[in-house]
Amino acid sequence: MAETTGRVVGAFTASHSPGITGWPERAEPAKREAVESAFAEARSRIDALAPDVIIAVSVEHFTNFHLGNLPAFAVATSDSYTGPVTKEMGDFLNVEQHQYPGHSRLGRHVYEFALESDFDPALVEGGLEFDENFCVPFKHLDPESKYPLVPIIVNGVNPPWPTVRRCHDFGRMIRRAVEAQTEVQRVVVVGTGGLSHWVGLPESGQVNTEFDRDFISRFESGDESRLLSYTAEEIDAAGNGAHEIRTWLVAAGSVQVPFDVLAYEPVPEWLTGTAVAAARI
């Protein structure tokens, strides 16, 4: 019998503000309920898809990489990952420190496939540790940490960033990589970051709802020409943290279908425009 190639069976995106898990009670009750209900819906859909592996795409908050070595993309290939990075961060995020399972073979395959596809990501064979980038969304999406992860890091924190089109193309490469192997059959892609927010700046706590709603409109439309027309300066208007939308674009590239935004709430108390979305597959 011929072996079956892998498939990306679903894709999801979500914000990862520490406040979502660390101080959820500070949000208006209706906003908190909307966001947590959306996470619950996404979790239910992921469980129904029964993925063998989740490829998790996020940014890096100088937990592992620093200005002296800040790759545009990085692919991790470990069997497990510690998160949050310290017990103190665990207390801050209200996420108990533990080991997240990894899928080293698929990670290695994605890395090698990226090189063959004219991408040059950094290779992280060990030692990658999680901060809020993965710990916050996965507390809601996979609270038991039952799904092995292939973490992928995108620079969305410090210029110069990879272009939005390059990020989308990286997602398309991920899909081809999954389809070029037979060991893992069912893969879900999760992108986490954004939306509008300012990190370490006087504007911190503001939310640019105009930018967020326009981005959501483009994201739901599936119109790549609109989605990929952002300049770095346009994203800057929604804060330095808004550059994390690159993770959403990687997820979009991996499926190339419109998304449904399950919830969007501007939550200044969590310091971000907060959203959860699911690919319309």
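I'll take the peptide bonds, then the phi angles, then a helix and a histidine.

Some ground rules. This is a predicted model, where local features need pLDDT of at least 70 and side-chain atom pairs count only at pLDDT 80 or more, while totals for chains, interfaces and linings use all residues. Residues are numbered from 1 along each chain as its sequence is written, and side-chain values use heavy atoms, with hydrogens and water left out.

Start with cis bonds. Pro 159 to Pro 160 is a cis peptide bond, with omega near 0°. Look for Pro 160 in the loop between β7 (149-154) and α6 (164-179). Now go to Gly 194 and Leu 195. The peptide bond between them is cis, again with omega near 0°. Leu 195 sits in the loop from β8 (186-192) to α7 (209-221).

Next, phi. Ala 50 is not a glycine, yet its phi is positive, about 50°. You'll find Ala 50 in the loop between α2 (29-49) and β2 (53-58). On the cut-offs: buried is under 20% relative accessible area, exposed is over 50%, and partly exposed is in between, using a 1.4 Å probe and protein chains only.

Asn 94 is another non-glycine with positive phi, near 60°. Its loop runs between α3 (87-93) and β5 (98-101). Asn 94 is partly exposed too, with a relative accessible area of 44%.

Now the helix. How many residues of α10 are buried? 11 of the 11, across residues 245-255, so α10 is largely enclosed by the rest of the structure. Among them are Arg 246, Trp 248 and Ser 254.

Last stop, His 243. This residue lies in the loop between α9 (232-236) and α10. His 243 is buried, with a relative accessible area of 0%. What does its side chain meet? Leaving aside residues up to four places away in sequence, His 243 touches Gly 156, Trp 161, Ala 232, Ile 235 and Asp 236. Contact there means heavy atoms within 4.5 Å.

Technical notes
Helix = DSSP H or I, 4+ residues; strand = E, 2+ residues; numbered from the N terminus.
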